[in-house]
Each structure stands twice: as C-alpha cells, then as structure tokens.
Amino acid sequence: AAAAEGMARQNKCFMCHAVDKKKVATAWKDVAVKYKGDKDAEAKLYTHLTTGPKVKSEDGSEMTHPMVKSKNPDDIKNLVAWILSL
C-alpha cells in the first residue's frame with residue numbers, strides 16, 4: 001500500500017483523485033466499487049493508466065488522462081491492485 005501511494009504521489013494522481021471523496025475525478029473507492037466482481041478489472045485499469053485515454057469530466061469536457069510513468073510494470077500492477085482493494 002505504501003509503495004502504491006508513493007507512486008500515486010510521484011505521478012501527481014492526488015491532484016485529481018482522492019481515496020474516499022470525489023475531487024476533479026472519481027474517488028478511488030468508487031472505482032473499486034465499480035469494478036468489484038469484474039474479472040477484467042485489473043487489465044482495464046492497467047490499460048487506463050498506461051495508455052492515456054480520453055476521459056470526460058462532469059461538465060462534459062474531455063481531457064487526456066495522464067499516463068503513469070514507471071519502467072516497472074509490477075509497480076503499476078501494484079497501484080492497480082491497491083486501488084481495487086479500497
């Protein structure tokens with residue numbers, strides 16, 4: 001958990017996300033609820049964090065989600081697992 005939080009801080013994820021409340025983007029606990037029981041959840045989130053997809057905000061505007069910067073895929077997998085564990 002500490003390593004995942006550190007990666008999230010390093011990649012400035014907390015500028016838009018929080019663990020338990022909505023900020024600019026969805027709270028990670030809500031992401032975990034959304035994907036609960038989805039056997040492809042880890043793959044979907046991994047792809048989301050590594051490809052920079054377009055995302056819509058509540059006001060309808062679109063932006064490119066920043067990609068997580070890491071040369072180690074296991075670090076990103078750990079971040080995904082942590083988000084899904086919330």
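The model is predicted, so a word on confidence belongs here, since pLDDT is the predictor's confidence in each residue. Across the chain the mean pLDDT is 95, and 100% of the residues score at least 70. Colour by confidence and look at helix 4, where the value is highest at 98, then at strand 1 (residues 54–56), where it is lowest at a mean of 91.

Next, select helix 1 itself, residues 2–10. Which of its residues are buried? They are A4, M7 and A8. These residues lie on the same side of helix 1 because they cover an arc of only 100° around the axis. Now turn to the face directed away from that buried side: the exposed residues A2, A3, R9 and Q10 are found there. Step just past the end of helix 1 to K12, which has a positive phi of about 60°.

Select W28, L79, W82 and I83, the residues with the most contacts inside the largest nonpolar core, which has 17 residues. Helix 1, helix 2, helix 3 (41–51) and helix 4 each give two or more residues to this core. Helix 4 supplies the largest share, five residues.

End on W82. Leaving aside residues up to four places away in sequence, what does W82 touch? Show A1, A4, E5, F14, V19 and W28 to see its contacts.

Terms used
Residues numbered from 1 in each chain as written. Predicted model: local features only at pLDDT ≥ 70, side-chain atom pairs only at ≥ 80, totals over all residues. Heavy atoms only, no water. Buried < 20%, exposed > 50% of the residue type's maximum accessible area, 1.4 Å probe, protein only. Helix = DSSP H or I, 4+ residues; strand = E, 2+ residues; numbered from the N terminus. Arc of directions from axis to C-beta. pLDDT = per-residue confidence, 0-100. Core = buried A, V, L, I, M, F, W, Y, C linked by side-chain atoms within 4.5 Å. Contact = heavy atoms within 4.5 Å.
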